[in-house]
Amino acid sequence: MTLFLGLGIAGIVLLVLSLIFDGILEGLFGGVLDGLFDGLLSLPVIAGFLSMLGFGGAIVLGTTGAGTVAATVAGALAGLVAAWLTWKFSRALMRDQTSATPRSDDLVGTSGSVVTAIPAEGYGEVLLRLAGQHVKLAAKSAVPVARGTEIWVEAALSATSVAVRPVER
């Protein structure tokens, strides 16, 4: 019984350590295991197996008249189920990706308005919408553009400036 409870507690300790040292087993061997087992040798999966082996074996040993071998087999089966569920759950969480981070190139082709007048071949400021948020950027134009004029972005010059042209209707 003590051995099974020790294994269960060791599994919980390993699970806590996996929160701190996430991905340590995947990186231990210089990436050799990377993609080989697809997360089956991660700390949470091993911790789930170990804790269920210990606690499952302790429950079977304590509640039934079965011997140590039967408790070990029952604990190993419970451990395999827990490891599989942990692996599936962690894979589902890893697939939950957010949308791509907007880049300055995403501004090309968007419309906006001039906030500070743009002189010919000089810089002014424009207000644009990027990913639903208003963004104020420096803007350059080949022709002078008055404040309040609607513009189109032709190119992203840098992360904070764009080349624009007035909208002609």
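Here is a short chat about the predicted model shown above.

Modeller: Some ground rules before you ask: this is a predicted model, so local features need pLDDT of at least 70 and side-chain atom pairs count only at pLDDT 80 or more, while totals for chains, interfaces and linings use all residues. Residues are numbered from 1 along each chain as its sequence is written, and side-chain values use heavy atoms, with hydrogens and water left out.

Biologist: Okay, in what order do the elements of the chain run from the N terminus on?

Modeller: Helices (H or I, at least four residues) and strands (E, at least two) are DSSP runs, numbered from the N terminus. The chain has four helices and five strands. Written out from the N terminus, the order is α-α-α-α-β-β-β-β-β.

Biologist: How many Å does helix α3 reach from its first C-alpha to its last?

Modeller: Helix α3 covers residues 43-63, which is 21 residues. The expected span is 1.5 Å times one less than the number of residues. For α3 the expected value is 30 Å, and the helix comes close to it, reaching 30 Å.

Biologist: Is S161 buried or exposed?

Modeller: S161 lies in strand β5, residues 161-166. Buried means under 20% relative accessible area, exposed over 50%, and partly exposed in between (1.4 Å probe, protein chains only). S161 has 7% relative accessibility, so S161 counts as buried.

Biologist: Which side chain makes a polar contact with the side chain of S161?

Modeller: A polar contact is a pair of N or O atoms within 3.5 Å; within protein, one must be able to donate a hydrogen and the other to accept it, and residues adjacent in sequence count only if both atoms are side-chain atoms. Here the distance is 2.9 Å, and the partner is the side chain of S158.

Biologist: And which residues does S161 touch, not counting those up to four places away in sequence?

Modeller: Contact means heavy atoms within 4.5 Å. With the residues up to four places away left out, S161 touches Y123, A138 and A156.

Biologist: Is F21 buried or partly exposed?

Modeller: F21 sits in the loop between α1 (2-20) and α2 (24-28). Its relative accessibility is 44%, so F21 counts as partly exposed.

Biologist: What about E121, is that residue buried or exposed?

Modeller: E121 is in the loop between β1 (111-116) and β2 (123-130). Its phi is near 55 degrees, a positive value in a residue other than glycine. With 53% relative accessibility, E121 counts as exposed.
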